[in-house]
Amino acid sequence: MGGGKMVEAGRSATRAIFAEALVRFDPERSVMILTHNDADGLSAGCLLARALARAGRTAEVRIVGRGEGAWTEAMRAELSGRPIGGLIVADLGSREDEVLAGVPTIVVDHHVPIDAAGAATVISGYGEDPIPTSSLLAYRCAQARGPVDDLLWLAAVGLIGDLGDKAPFAELVEAKKRETGTALREVVSLVNAPRRTAGGDAAPALAVLMTATGAKDALARPKIEALRAAREEVKAAVEAAKKVGPRVGADVALVLLDTPCQVHPLIAQTWRTRLKDKIVIAANLGYREGHVHFAARSATGRNLIDYLRDVAPPGIDDSYGNGHEQATGGALPLASWPVFLRNIGFDADGRPAKAAAKEAA
Ligand SMILES: [Mn+2]
């Protein structure tokens with residue numbers, strides 16, 4: 001791998017920046033942690049909350065779930081007026097504006113930065129090679145407050161969740177020695193399940209991570225049963241969605257789904273390697289009322305964030321075209337959907353434009 005010095009510099013820089021930013025938090029008030037509902041976000045939020053609790057701070061984790069965002073009026077309304085000593089926003093991207101005006105904020109994130117995050121302190125892995133996940137960044141932050149070696153498994157949960165269990169990080173190698181890769185992978189699979197169900201509430205997954213002493217211990221907790229049930233629900237939805245054939249256009253292969261479960265990213269991933277020369281877009285019309293959610297993946301190496309910018313319809317918000325260059329997606333209001341379809345080379349019924357033209361002729 002090489003780059004050991006750079007990696008160490010990254011680690012200690014993260015610790016120092018976090019420690020310095022935390023000084024601005026009001027110690028008399030509780031820390032509010034907003035985090036993404038996937039394995040990386042949940043483990044990042046959990047790591048920060050547990051480390052802060054050890055350092056004598058009270059911290060609350062607020063999972064940002066389906067159809068929600070940190071930088072929204074709804075979130076501002078929810079949080080304003082509450083006695084918050086400081087805000088940590090983890091694994092949710094970054095924005096130029098503030099989440100809460102006047103509240104010291106730390107952004108911990110590894111996605112492509114949208115903008116400088118205004119007055120917030122940004123801890124981003126984006127400049128590093130390889131790019132660490134939010135959970136690994138959170139682990140480094142947590143080290144600033146004291147020993148957290150026993151929480152290393154949580155960093156591994158996020159690494160495996162986002163990058164797979166072969167991701168080239170020394171922390172992951174060490175965690176696998178202690179916990180076994182099998183136990184860690186099973187925890188990842190289970191904590192990722194609740195957010196994908198029709199209900200979509202990831203709170204039971206966070207509850208398991210918050211109380212467990214390790215991956216094997218997590219798997220032995222009674223609360224893990226709720227996660228197993230969630231996984232069964234999602235598995236059934238995935239099996240049904242796998243039967244839907246892609247509609248193949250010039251650049252894009254489109255898979256049209258209609259399920260309340262969040263299976264579109266998994267389905268896009270499945271078709272990605274089978275349709276190697278296409279951008280795969282799996283779109284789900286049943287996921288959220290009034291919206292079409294979609295995931296985009298491609299084996300072509302094309303920058304999908306750039307592609308989505310090129311085909312953007314009017315009426316999009318920040319949930320459109322974020323994430324990673326090779327793994328992105330978004331949500332569109334129903335009214336923008338036909339325009340998007342046209343821009344990616346399909347007619348309003350989701351037929352490839354060429355075929356539609358032929359039929360019309
Ligand atoms: Mn995430």
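Where does Thr180 lie? Thr180 sits in the loop between α6 (170-179) and α7 (181-191). Helices (H or I, at least four residues) and strands (E, at least two) are DSSP runs, numbered from the N terminus.

## Basis of the model

This is a predicted model: local features need pLDDT of at least 70, side-chain atom pairs count only at pLDDT 80 or more, and totals for chains, interfaces and linings use all residues. Residues are numbered from 1 along each chain as its sequence is written, and side-chain values use heavy atoms, with hydrogens and water left out.

## Overall build

The protein has 14 helices and 11 strands. Its C-alpha trace spans about 70 × 45 × 40 Å along the principal axes. The radius of gyration is 21 Å, which agrees with the value near 21 Å for a compact globule of 361 residues. That radius is taken over C-alpha atoms, and the globule rule is 2.2 Å times the number of residues to the power 0.38.

Buried residues make up 50% of the 361 residues. Buried means under 20% relative accessible area, exposed over 50%, and partly exposed in between (1.4 Å probe, protein chains only). Among contacts (heavy atoms within 4.5 Å) between residues at least 6 apart in sequence, 61% join residues at least 24 apart.

## Surface and charge

The accessible surface comes to about 15600 Å², and 54% of it belongs to carbon and sulfur atoms. Areas come from the Shrake-Rupley method with a 1.4 Å probe; for residues, only the protein chains shown count as cover.

There are 43 positive and 44 negative side chains. The centres of the two sets lie 5 Å apart. Lys and Arg count as positive, Asp and Glu as negative; His and the chain ends are not counted. Each charge is placed at NZ of Lys, CZ of Arg, CG of Asp or CD of Glu.

## The manganese site

Which residues coordinate the manganese ion? They are His36 (ND1), Asp38 (OD), Asp38 (OD) and Asp91 (OD), at 2.0 to 2.6 Å. Donors are N, O and S atoms within 2.8 Å of the metal (3.2 Å for Na, K and Ca); water is not among the atoms, so sites may look incomplete. Along the chain, the donors follow the spacing H-x1-D-x52-D. His36 lies in strand β1 (residues 30-36) and Asp91 in the loop between β3 (84-90) and β4 (105-109), so the pair ties together parts that are 55 residues apart in sequence.

Is Asp91 buried or exposed? Asp91 is buried, at 2% relative accessible area. His36 counts as partly exposed, at 24%. Asp91 also has a positive phi, near 60°, and is not a glycine.

Most residues other than glycine have a negative phi, and most peptide bonds are trans. Thr180 has a positive phi of about 70° although it is not a glycine. A cis peptide bond joins Asp129 and Pro130, with omega about 0°. Pro130 lies in the loop between β5 (121-124) and α4 (134-143).

Thr180 is partly exposed, with 34% relative accessible area. Leaving aside neighbours within four places in sequence, Thr180 is in contact with Ala175 and Lys216. Thr180 and Lys216 are 36 residues apart along the chain, and their C-alpha atoms are separated by 8.7 Å.

Gly315 is in the loop between α12 (304-310) and β10 (322-324). Gly315 is exposed, at 53% relative accessible area. Residues up to four places away in sequence aside, Gly315 touches Pro333 and Ser336. The C-alpha atoms of Gly315 and Pro333 are separated by 7.3 Å, with the two residues 18 apart along the chain.
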